[in-house]
There are 4 protein chains.
Amino acid sequence: MGGNSFGTLFRITTWGESHGEALGVVIDGCPSQIDLSEEDIQREMERRRPGQGMGTSPRKERDRVKILSGVFEGKTTGTPISIILWNEDVNSTPYNEIKEIYRPGHADFTYQVKYGIRDHRGGGRASARETVGRVAAGAIAKKVLEQEKIKIFAYTLELGGVRAEKIDYEEIEKNFFQCPDRDAAIAMEKKVEEVKVEGDTIGGIVEILVRGCPPGLGEPVFDKLEADLAKGLMSIGAVRGVEVGAGFRVAQMFGSQCNDPLGPEGFEKNDAGGILGGISNGMDIVLRVAVKPIPSILQEQRTVGHNRSPVSIQIKGRHDISAIPRIIPVCEAMVAIVLADHLLRQKVYES
Amino acid sequence: MGGNSFGTLFRITTWGESHGEALGVVIDGCPSQIDLSEEDIQREMERRRPGQGMGTSPRKERDRVKILSGVFEGKTTGTPISIILWNEDVNSTPYNEIKEIYRPGHADFTYQVKYGIRDHRGGGRASARETVGRVAAGAIAKKVLEQEKIKIFAYTLELGGVRAEKIDYEEIEKNFFQCPDRDAAIAMEKKVEEVKVEGDTIGGIVEILVRGCPPGLGEPVFDKLEADLAKGLMSIGAVRGVEVGAGFRVAQMFGSQCNDPLGPEGFEKNDAGGILGGISNGMDIVLRVAVKPIPSILQEQRTVGHNRSPVSIQIKGRHDISAIPRIIPVCEAMVAIVLADHLLRQKVYES
Amino acid sequence: MGGNSFGTLFRITTWGESHGEALGVVIDGCPSQIDLSEEDIQREMERRRPGQGMGTSPRKERDRVKILSGVFEGKTTGTPISIILWNEDVNSTPYNEIKEIYRPGHADFTYQVKYGIRDHRGGGRASARETVGRVAAGAIAKKVLEQEKIKIFAYTLELGGVRAEKIDYEEIEKNFFQCPDRDAAIAMEKKVEEVKVEGDTIGGIVEILVRGCPPGLGEPVFDKLEADLAKGLMSIGAVRGVEVGAGFRVAQMFGSQCNDPLGPEGFEKNDAGGILGGISNGMDIVLRVAVKPIPSILQEQRTVGHNRSPVSIQIKGRHDISAIPRIIPVCEAMVAIVLADHLLRQKVYES
Amino acid sequence: MGGNSFGTLFRITTWGESHGEALGVVIDGCPSQIDLSEEDIQREMERRRPGQGMGTSPRKERDRVKILSGVFEGKTTGTPISIILWNEDVNSTPYNEIKEIYRPGHADFTYQVKYGIRDHRGGGRASARETVGRVAAGAIAKKVLEQEKIKIFAYTLELGGVRAEKIDYEEIEKNFFQCPDRDAAIAMEKKVEEVKVEGDTIGGIVEILVRGCPPGLGEPVFDKLEADLAKGLMSIGAVRGVEVGAGFRVAQMFGSQCNDPLGPEGFEKNDAGGILGGISNGMDIVLRVAVKPIPSILQEQRTVGHNRSPVSIQIKGRHDISAIPRIIPVCEAMVAIVLADHLLRQKVYES
């Protein structure tokens, strides 16, 4: 119970360090007889690696997904699905000089305090590379949701202070930032170029939308749908805030504004973000997460070593300018896993 | 596994409906030999019931706490602690007219869809009264934390658009809104009076602070400290957003601003809000939650009945204008429960 | 997570000490819309208290069951069902003299070592009275199973060395020992009288039978149906062994004897006891448990006090001669809870 | 939650099919800074493969263990330990003819009913080969226990009706059957030869002994130490009965015989098998399991196919005559995992 599992019925366990032999995930509780190929998972994995785009990490993460169990003749069997990704093309040498230094904004200090030992290479278990297991499991969760016509997608709402002013879903797949506003996407590109010159990094906001979720998912009192979604999203390393529907805007709303009236055709607006009393209400589920800037900046920073003496470090190599857009499929994956879990939980009581 | 339990080692299970016989909580996993009296719990319960204050519900919730098990000669024994609060002074008659109507902003619709049946009296299980079990369990969690000198407190940061401009901790206990800014508290009082006249309600923001938390609490990857805190807080009915440290502000920060430099004396600022890589870093833990306006407004509202035909309802009785400040001890309770749980989890690995 | 909860989807949490205020159980995950009255539960509770029968404890356990939540207008609502039984008619004075003495065969020593404190009155949490929560939850589990026509019953196979030589189900309810062999029941009665004179107690074997269980229940690998049944039954204080189907007899069987051949009508015999590969196969589930003699004997016994100095004790009061037959409804309850849980788990994958 | 995980704090998840790509286990919750090499695990794995011994399966299970994560510079890091064993040297062709036939005594029928699909090759997930993950995890659990000087060993008490009449621990490692009675071992060998000629198989009894377990492990009420041990052992495919201490013998004992008197030096005998009230009492823990004969016999058997029509099958290939002695390290592994888990659970409350 070291905290590396997630979910109740659709339950995933991830493992692996950034520069270890491999990373992987075991999914226990996936229903049987679902079509599943390595290609289904690979496709999601590619979205995590936006390729030649600007500002992204040049490390060639081949991330060739391999299914080791739980699938027979192209279908899930109900037994645990084990997925592995080998760590190829890894060079840990650059990390030698920070072996005994705590990088600001990273988990180096807290891991050392907690465990008395840490694999410093590439950030070890605390690396963003940990999310490959989430994305692989999320791809399978999406297959489960597909059977019920539930669809999840996410996009960049804000990056480095540039905010999408309109939401054109068609646009999302067309620009590098997966931003639903073409003009904003261009401004984001400019912003990234500026920040890169400074050796700095930027944060932003990702919005996640769930279409076609039936009403009834979510368990009161503690396993409210938004509570499990909040946990799943907040467990992503770079996320510092989560909100549902009107979110923090509710602080300035009146009850008469915030309540969504019900008409014969259903809810007449959606400030609840698709969840009432912890249970999905049939409307789109709307979530937003705040993504912090990547802590690995090229500028010189003050910090201390294991011996607490002050040092100045300058992180080398080429790092991403923002966790966005690579974090987008990770957000989708966590939402998919939570929904698949609650979909199965709800099936118990429906039959 | 209907979602009414929370925690891994310090695990609570709550039960009870607003107008049923009683409500209660069972705490399993509380260490033995901790001094515990009903008075310790009653004190927290009183804070949930701010008395004659303006804008608050006049229902006399005596909420007399009774410990039924797990305590012997004033000390915990390590066996489950069962706490009960009887529902006295309950009149369900006013609820008869909404028995087959879905109140906007309430869980009436989603409970009916999920379970095919619901106890409509006083909102049943979905009532804010459900939180008494949380507050009782939180009082015990605070006793566990006290042993390590960990202290939690929360206050109103914003209400109905009025925001505290300064943080004077001395002021918190002095005004009704538990707001750390005296001038803001006065403005909040004025705001509440205005809204009351309109028959409307308002939302706000609560900030929670944890002092004295040692570094090392929190489990990667999924049970990150902020992930469990987010789940615990988001599981409170009125909460629509949760953030840690700089929170949504990170979206507009540079990495060079957001990273907290480390010096020989520790972290030199605290934008991380006391948690790095999912593990407490020894600084104050800082959280904020967005609280939506109470959905029970006195104004007439459009909605539908069980048969989907449109009706107009006007909710009677006197209801709170805001879940704030009564939600404050509930927020503290959830944070206390999460921290007590992670404190115990960390003890496993320390010895 | 002090070990007071059981089950995955149909999950129960029991609490309470023998001489505390009350005992109870919370059931979370019971499906909604099941008819449930206090009488349904009371009936099972009465079976735990065989009344004026010989050899049984004379303490008047009124055990009046009260449902506090989760039921509305006679039907379950899907929210947690809380059940309470008050401890009336309790006199703890006789226990004063063993306050600092470890009774042989009891949990006094181990509780003291584990917790550093214990409620010695009536055995505290380790009392057989703890099982009232199991029986109450079991009554509800039986209601869940009834919907699928699954029926559980148990009987005395052996007592004090007297073994039932024939199995006449009609006979079970007719004799005090719930033994399916009339002649054996008479011999058991004689045996009990002899042992009573000696101030001693006796053990025995209970057999549990499940009729009408559909194939498919049970989860490989660790949550095999017989594994969860073994845990449930072995968690009853007096049980020291559990076996399924041919049980320990398999040690002396050949594979050609032990395998159950399959014909067009199904299995042609049932040495597997209804479970193959951890999954029910549609045949009767057959289980047996070994029940140790009640440790509270009237004879003088050697032991030590908290200070480790030797003392001689003679336990006073009138105690049962055997946990049989009162343990029978407890065994049924644990089997019912395990099956209800696995029935719900299987529903996830069926729909 | 498909039942492929086990344990609360020391939690393992196994995966893999007999003829799939690989099998493995993920251990989450292992404390950090424990020395761990692949050799530590390989050694236990070899014991599962008694080599050229008579009556054992000739398939060359190389079972080369590979650690993929959670270990850095020879020490555990507190992050999940992932272990893989590739399935080499696999020929699934012989299984083609039973693809749509249910072998008696195997899980073929129940898997098909439960999942609607099954990997028939080598028994798929229901193969005894599944236990490699248990043995690997058990090797790590033993390292955890070693730190507290807790030692587990198991031996053959009975095989094919031949029972060890004396217990000479020195003898265990000296004979193929790991029987503590040299004469019995010789008789067992003879028995195996006889049975082999008949194309049949035999069952037996394994006894497991835990030395050095401190008092205090085990959680009342449901997670009693013997309850978790019973679940762990009963989850091994071939096990049909589990008992602790005097076990089924208690049925014929008097209370005055069964109670273990306490003296100044501790318990004066050990019929309780080291566990009182669900908590270890400091004496040796003594467990016994009944092992059924291997269901794959060479004799012709009657059964049915997927279409329910009767067929006669004769299983080919050379199979083991008994799961004993190969099951011995598996039993030890399960006991080690349960104890490591409860050792960690108890640490929570000790500090």
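## The D–A contact

Chain D and chain A bury about 3,500 Å² between them, with 61% of that on carbon and sulfur atoms. Buried area here is the accessible area (1.4 Å probe) that two parts lose on being put together, summed over both. The model is predicted: local features need pLDDT of at least 70, side-chain atom pairs count only at pLDDT 80 or more, and totals for chains, interfaces and linings use all residues. Side-chain values use heavy atoms, without hydrogens and water; residues are numbered from 1 along each chain as its sequence is written, chains are lettered from A and ligands numbered from 1 in the order in which they are written.

The contact takes 46 residues from chain D and 46 residues from chain A. Contact means heavy atoms within 4.5 Å. Four salt bridges are counted between chain D and chain A. A salt bridge puts a side-chain nitrogen of Lys or Arg within 4 Å of a carboxyl oxygen of Asp or Glu. Glu21(D) forms one with Lys66(A), with the closest N and O atoms 3.6 Å apart. Polar contacts between chain D and chain A number 16 residue pairs, both residues at pLDDT 80 or more. Such a contact is a pair of N or O atoms within 3.5 Å; within protein, one must be able to donate a hydrogen and the other to accept it, and residues adjacent in sequence count only if both atoms are side-chain atoms.

## What chain D brings to chain A

Several elements of chain D give two or more residues to the side that touches chain A: β2 (11–16), β3 (22–28), β4 (66–67), β6 (75–76), β7 (81–86) and α2 (108–115). β2(D) gives the most, with five residues. Helices (H or I, at least four residues) and strands (E, at least two) are DSSP runs, numbered from the N terminus.

By class, this side of chain D has 14 nonpolar, 20 polar and 12 charged residues. Ala, Val, Leu, Ile, Met, Phe, Trp, Tyr, Cys and Pro count as nonpolar; Asp, Glu, Lys and Arg count as charged; the others, Gly among them, count as polar.

## Symmetry of D and A

A rotation of 180 degrees with 0.0 Å of shift along its axis superposes chain D on chain A, at an RMSD of 0.0 Å. That is the relation of a two-fold axis.

## The A–B contact

Here 101 residues of chain A are in contact with 101 residues of chain B. The area buried between chain A and chain B is about 7,900 Å², and carbon and sulfur atoms give 61% of it. In chain A, Lys114(A), Phe222(A) and Arg240(A) lose the most area to chain B, together 12% of what that side buries.

Chain A and chain B share 10 salt bridges and 49 residue pairs in polar contact, both residues at pLDDT 80 or more. The side of chain A that touches chain B has 47 nonpolar, 32 polar and 22 charged residues. Arg240(A) forms a salt bridge with Glu226(B), the closest N and O atoms being 3.0 Å apart. Glu268(B) and Arg302(A) also meet in a salt bridge, at 2.4 Å from N to O. This pair crosses from the loop between β13 (266–267) and β14 (275–276) of chain B to strand β17 (residues 301–304) of chain A. Over all chains, the whole structure has 135 salt bridges.

Chain A can be laid on chain B by a turn of 180 degrees and a shift of 0.0 Å along the axis, with an RMSD of 0.0 Å. Lys231(A) has the C-alpha nearest the axis in chain A, 2.4 Å from it. For this pair, 100% of the interface residues of chain A are also interface residues in chain B, so the copies meet through the same surface.

## Strand pairing across and within chains

Strand β11 (residues 239–244) of chain A and strand β11 (residues 239–244) of chain B pair in the antiparallel sense over three bridges. Two strands pair if DSSP finds at least two bridges between them. Glu243(A) has Gly241(B) as its bridge partner in β11(B).

Chains C and D contribute to an open sheet of 10 strands with antiparallel pairing, in the order β9(C)-β8(C)-β10(C)-β16(C)-β11(C)-β11(D)-β16(D)-β10(D)-β8(D)-β9(D). Its edge strands are β9 (162–163) of chain C and β9 (162–163) of chain D, each pairing on one side only. Five bridges join the antiparallel strands β11 (residues 239–244) and β16 (residues 285–291) of chain D. Glu243(D) has Arg288(D) as its bridge partner in β16(D).

## A hairpin in chain B

Strands β17 (residues 301–304) and β18 (residues 310–313) of chain B run antiparallel, joined by four bridges. Arg302(B) has Ser312(B) as its bridge partner in β18(B). The hairpin has five residues between the strands, and Arg308(B) takes a positive phi near 70 degrees.

Note on methods: Least-squares fit on C-alpha atoms with pLDDT ≥ 70 in both.
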